[in-house]
Amino acid sequence: MTREDFMGDGEELLAVAFALADAAAQITLPQFRAPSLMVENKADGGNFDPVTQADKAAELAMRAVLAARRPDDGILGEEGENVAGSSGYTWVLDPIDGTRAFLSGVPSWGTLIAVNHGAAPILGMIDQPFTAERFWGDANGAQYQRGRGRPQPIRVRNVECLKDAVLFSTFPEIGTPADRTAFEAVSAAVRLTRYGIDCYAYALLAMGQIDLVIEAGLHPYDIQGPMAVVTGAGGIVTNWDGGPAEAGGRIIAAANRRIYADALELLNSV
């Protein structure tokens, strides 16, 4: 899909993304920090992979919006069955990215939305309804809106040296032991490393607050929304091999080409 093709459909797709985020927020907000929140464990073998009734209900609400407004589009969601569309567009949905934060009362979770035409996302959104912050990105750039305020363009910052960079990751126990060793090589080279902020880290990267996000074990619905926001803001998102990131796996997101190259070299030198 060319930039011109996207611009023809972009206004409608963005309006639908807003409607999806609004529908999810109507479900998630009343249940955030609610004493009655029910949690299930999707994992076996003593691991903990939580899902709440808010995750499931929010995705159902988002799917209902698509059924009404974009019935020919495909859907790839975390909680429901995949839907094969006929339009060439596929919506990629994560109703609550950061369920552990959600059930802990920490507002670093968010609703992730992307639409792709082919493999890579052409539009992505990170929505944090508790703080009333919404970030979105496409071929034309990236925007930020808080509450009813006017949307404002956002841009990554230009830190030139890895030693001055701020690095975020969701977990200190990233990926496999080998992945962890590679991550630690980058962490040792930057100014500051912080953990546990989920998808909000990509929003901070896009708005010029931090410089790197490095993660492993991601799914397509974990990364497609954030990568569109980051790239729209001028950043770079790939896998650790320097290839496309939309399938998930081991992911690096960086504010600019120089620190990306230096961090990628360290990831692959261990």
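**Entry 1: N256**

I began with N256, which I found in the loop between strand 14 (249–254) and helix 7 (257–267). Helices (H or I, at least four residues) and strands (E, at least two) are DSSP runs, numbered from the N terminus. I noted that this is a predicted model, in which local features need pLDDT of at least 70 and side-chain atom pairs count only at pLDDT 80 or more, while totals for chains, interfaces and linings use all residues. Residues are numbered from 1 along each chain as its sequence is written, and side-chain values use heavy atoms, with hydrogens and water left out.

Is N256 buried or exposed? I recorded N256 as buried, at a relative accessible area of 11%; buried means under 20% relative accessible area, exposed over 50% and partly exposed in between (1.4 Å probe, protein chains only).

I then looked up the polar contacts of its side chain. A polar contact is a pair of N or O atoms within 3.5 Å; within protein, one must be able to donate a hydrogen and the other to accept it, and residues adjacent in sequence count only if both atoms are side-chain atoms. The N256 side chain reaches the backbone oxygen of V159 at 2.8 Å and the backbone nitrogen of I259 at 3.1 Å. Leaving aside residues up to four places away in sequence, N256 touches R157, N158, V159 and I236, where contact means heavy atoms within 4.5 Å.

I traced an open sheet of five strands in the order 11-10-12-14-13, with mixed pairing. Two strands pair if DSSP finds at least two bridges between them. Strand 11 (192–195) and strand 13 (236–239) are the edge strands, each with a single partner, so one side of each lacks a neighbour in the sheet. From one strand to the next, the twist averages 20°.

Strand 10 (residues 166–169) and strand 12 (residues 212–218) pair in the parallel sense over two bridges, and I located V213 in strand 12 as the bridge partner of F168. Which helices pack on the sheet? Helix 4 (residues 177–187) does, touching strands 10, 11, 12 and 14, and its direction makes about 135° with that of strand 11. Helix 7 also packs on the sheet, touching strands 12, 13 and 14, at about 150° to the direction of strand 14. For these angles, axes are lines fitted to C-alpha atoms, for helices over the stretch in contact, and angles run from 0 to 180 degrees between N-to-C directions.

**Entry 2: Nonpolar cores**

A nonpolar core is a set of buried Ala, Val, Leu, Ile, Met, Phe, Trp, Tyr and Cys residues joined through side-chain atoms within 4.5 Å. I found 51 residues in the largest one, where Y202, L212, I214 and I252 have the most contacts. Helix 5 (residues 200–206) gives the largest share of this core, seven residues. A second, separate core of 23 residues includes A58, M62, I75 and L93.

In helix 2 (residues 53–69), I listed the buried residues, among them A58 and M62.

In strand 6 (residues 121–128), I counted eight of eight residues as buried. Six bridges join strand 6 to the antiparallel strand 5 (residues 110–117), and M125 in strand 6 is the bridge partner of I113. Their hairpin has three residues between the strands, and G118 takes a positive phi near 110°.

Strand 7 (residues 133–138) also runs antiparallel to strand 6, joined by six bridges. There, F135 is the bridge partner of I126.

Technical notes
The expected span of a helix is 1.5 Å times one less than its number of residues.
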